[in-house]
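The following paragraphs lead the reader through a single chain, from its overall layout to individual side chains. Please keep the sequence and the model in view while reading.

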Amino acid sequence: MSRRIAGKGTLTLFGKKPDQHRLFAEHVADAETYVVTEGQGCRGHEWRAKPSKPDNHWFDCLVGCAIAASIAGAQPPGEAGPGRQRKRYTQDDLRQKPAWSRL
């Protein structure tokens, strides 16, 4: 049985020995901070490295792995799957559609 220690969208390190992950946790937790930005009708988070922590390589790797897992369709246990699968089009499918429908 799995138990959720923190809320949805959080990262939890495993194990009962915190010393095994202390260095990684310190690098990742304190690597960057964000500022909420708005422009052209969009709102987002702009991430910036903290001046006191110029090396954020572990954080960058963690984010890259999370993005790759998301693109590959990985989900945490117990999360609902995608509502519907996207249709994959071949080159022949695209050639059969009128040009105006691809605009």
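A residue is called buried when its relative accessible area is under 20%, exposed when it is over 50%, and partly exposed in between, with a 1.4 Å probe and protein chains only. The model is predicted: local features need pLDDT of at least 70, side-chain atom pairs count only at pLDDT 80 or more, and totals for chains, interfaces and linings use all residues. Residues are numbered from 1 along each chain as its sequence is written, and side-chain values use heavy atoms, with hydrogens and water left out.

The chain contains 3 helices and 2 strands; helices (H or I, at least four residues) and strands (E, at least two) are DSSP runs, numbered from the N terminus. Read from the N terminus, the elements follow the order α-β-β-α-α. Of the 103 residues, 6% count as buried.

Histidine 21 is found in the segment before α1 (22-29). Histidine 21 is buried, its relative accessible area being 17%. When residues up to four places away in sequence are not counted, histidine 21 touches Leu13 and Phe14, a contact being heavy atoms within 4.5 Å.

Helix α2 (residues 57-72) comprises 16 residues and spans 22 Å from its first C-alpha to its last, close to the expected 22 Å at 1.5 Å a residue. The expected span is 1.5 Å times one less than the number of residues in the helix. Just after α2, glycine 73 adopts a positive phi of about 95°.

There are 3 salt bridges in the structure, each defined as a side-chain nitrogen of Lys or Arg within 4 Å of a carboxyl oxygen of Asp or Glu. One of them joins arginine 22 to aspartate 19 at 2.8 Å, N to O; arginine 22 is partly exposed at 41%, whereas aspartate 19 is exposed at 60%. Arginine 48 pairs with glutamate 46, with the closest N and O atoms 3.2 Å apart. Arginine 48 is partly exposed at 41%, and glutamate 46 is partly exposed at 34%. Within helix α3 (residues 91-96), aspartate 92 and arginine 95 lie 3 residues apart, about one turn of the helix, and their side chains form a salt bridge of 2.9 Å, N to O. Aspartate 92 is partly exposed at 48%, and arginine 95 is exposed at 57%.

A disulfide is a pair of cysteine sulfur atoms within 2.5 Å, and by this rule the count is 0. Cysteine 65 is in no disulfide, the nearest cysteine sulfur, that of cysteine 61, being 6.5 Å away. Cysteine 65 is exposed, with a relative accessible area of 52%.
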